[in-house]
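Please look through the sequence and the model shown here, and keep both in view while you read the briefing that follows.

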Amino acid sequence: MNKLHCLAVDDEPFALDILADDIGKIPELTLVKARSAYEAKNLLEYGQFDLLFLDIQMPGISGLQFLTELQAPHWLSLQLLSINMQ
Amino acid sequence: MPLDRALHLHVLLNFKIWIHLTGWAAFIVSPFLFPLPFLKPLPAYAFQYLVYSRIGIDLLLMGIFYFNLFRLTPRLISHNNTLSFILILFGFLMLIIVIDSFSFIFLKKHLQGFFLEVSKIDPIRKDLASSRFLSPPQLITNIIVFALIILVSSLLAVLDDRLRQKAYSQDIIYEKVKSELAILKLQISPHFLFNTLNNIRWLTRTKSDQAEKSIIELSDILRYMLYQAVHEQVYLREEINYLTKYINLQKLRISPHVKIDFFHEALPGHIKIEPLLLLPFVENAFKFGIHSETHSAITIAIQLTDKELFFFCINPCFDLPSHEFPNGSGLGLQNVKRRLDLYYPMKHSLLIESTLSQFIVNLRITLANE
């Protein structure tokens, strides 16, 4: 069975760690961590992701802004799960 | 406080009483300071009678003065009963005129002969000889004096009323500002609170020793905000303790390539300051001065010379959250500016330098010694 590739975006390192730890317990999921929306954008250019964990309140581009700027092809393959770490 | 009030009232009352007494003394004595020529040759008993009757009328006028000051005009102000006000005044005026005329006529009856003589010498004083009830000059004098009495007492009553209203609205403003300040003081950043809790959560999961320390620090910070900050002033040492704990908790989430320096020398234990004035700047520094990849350094310094406090904070300026602005127009900095103006008016200077790459805060406060 194909694994689902997840991308987690959050500026708080511990929040990412908690998520990574939780996702690590689910064998069907893999996780890549991004510390900012910029990083996430770069990663999306070169990788295929199925699930996006997105923090909304981040320095620089906010999560919502990041969403609106996503390219169309990515939308088709993306199931969105949004978590507000506040 | 009650003793102070009592003393002030005492002094104030005395002062006012003296003014009234002086005024009345002048009022009563003045007719006798200008000797009317025709009074000179009067027999002693007549002169005495004139003096007594004049003083009698004056006392009556005094009564009317205070009645108007404490009862009539205040009623007019609050109830707007113009008609009854005018009627009562008219009634008093008639009373004065009648009493004065009667007393003068009484005197004239006894001194008929004398007044006839005077009118022969001085035709202008002809009215003294006539047996008319109301003599025009006397009437006019009475009306003028009465009008003055009423005017002054009414003006005093209006002034009193204005002052009382002003004091009342000042009180309201004061209470409002006080409660505003109380609310401003208790603002803790929810973002920081929940982030810290989340960080502690991770520390507990990894069974880190740091977890317990962080929980204690967080609870200390909350306790400080809730209890100490409600008091008027706190010791500077306590405020610095609080900032240190805050910075420690922030350090949890910071990458190793961020350098944090907090300089504060040993401070005398008796210096006090308004609480939570410095935190917004420190918060800001951590909000905008951290970047996950780039190296950055935050420097905070507190120095005390004599009675002057110097607070210095410099941090790099990275991309800002899209919903906030630099240069202090955020809510936290607005609060601090307002509180600085309220607690240390003219006794502080706040310089914020915001360039593209750096954010510098220079704050100086002249602290009053306790």
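In chain B, among contacts between residues at least 6 apart in sequence, 72% join residues at least 24 apart, where two residues are in contact if their C-beta atoms, placed from the backbone, lie within 7 Å. This is a predicted model, in which local features need pLDDT of at least 70 and side-chain atom pairs count only at pLDDT 80 or more, while totals for chains, interfaces and linings use all residues. Residues are numbered from 1 along each chain as its sequence is written, and chains are lettered from A and ligands numbered from 1 in the order in which they are written.

**The two chains**

- Chain B contains ten helices and seven strands, where helices (H or I, at least four residues) and strands (E, at least two) are DSSP runs, numbered from the N terminus.
- Of the 370 residues of chain B, 19% count as buried; a residue is buried if 20 or more other C-beta atoms lie within 10 Å of its own, exposed if 12 or fewer, and partly exposed in between, with the C-beta atoms placed from the backbone.
- Chain A has four helices and four strands, and these follow one another along the sequence in the pattern β-α-β-α-β-α-α-β.
- Buried residues make up 33% of the 86 residues in chain A, and residues 24 or more positions apart account for 73% of the contacts in chain A with a separation of 6 or more.

**Annotated spans in chain B**

- An unreviewed UniProt entry places the feature "transmembrane region" at residues 12-34, 46-70, 82-107 and 139-159 of chain B; UniProt positions are given in the numbering used here, feature names are shortened, and annotations may be inferred rather than shown by experiment.
- Residues 82-107 of chain B are 100% helix and 0% strand, with end C-alpha atoms 38 Å apart.
- Residues 139-159 of chain B are likewise 100% helix and 0% strand, and the end C-alpha atoms of this span lie 30 Å apart.

**The sheet in chain B**

- Five strands of chain B form an open sheet in the order 2-4-5-7-6, with mixed pairing, where two strands pair if DSSP finds at least two bridges between them.
- The edge strands, each of which pairs on one side only, are strand 2 (258-264) and strand 6 (348-354) of chain B.
- Strand 2 of chain B runs parallel to strand 4 (residues 296-305) of chain B, and seven bridges join the two; B:K259 stands opposite B:A297 in strand 4 of chain B.
- Helix 8 (residues 236-251) of chain B packs on the sheet and touches strand 2 and strand 4 of chain B, its direction making about 170° with that of strand 2 of chain B; axes are lines fitted to C-alpha atoms, for helices over the stretch in contact, and angles run from 0 to 180 degrees between N-to-C directions.
- Helix 9 (residues 279-288) of chain B also packs on the sheet, touching strand 4, strand 5 (308-316) and strand 7 (358-366) of chain B, and its direction makes about 10° with that of strand 5 of chain B.

**Helices with a buried side**

- In helix 2 (residues 37-46) of chain A, the buried residues are A:A37, A:A40 and A:L44.
- These residues cover an arc of only 55° around the axis, which puts them on the same side of helix 2 of chain A; the arc is that of the directions from the helix axis to the C-beta atoms.
- On the other side of helix 2 of chain A, the residues A:N42, A:E45 and A:Y46 are exposed.
- In helix 7 of chain B, B:S214, B:E217, B:L218 and B:I221 are buried.
- Because they cover an arc of only 100° around the axis, they lie on the same side of helix 7 of chain B.
- The buried residues of helix 7 of chain B pack against helix 6 (190-205) and helix 8 of chain B, whereas on the other side of helix 7 the exposed residues include B:E212, B:I216 and B:R223.

**Loop residues in chain B**

- B:N80 lies in the loop between helix 2 and helix 3 of chain B, has a positive phi near 60° although it is not glycine, and is exposed, with 9 other C-beta atoms within 10 Å.
- B:L276, in the loop between strand 3 (272-273) and helix 9 of chain B, also has a positive phi near 60°, but counts as buried, with 23 C-beta neighbours inside 10 Å.
- Most residues other than glycine have a negative phi.
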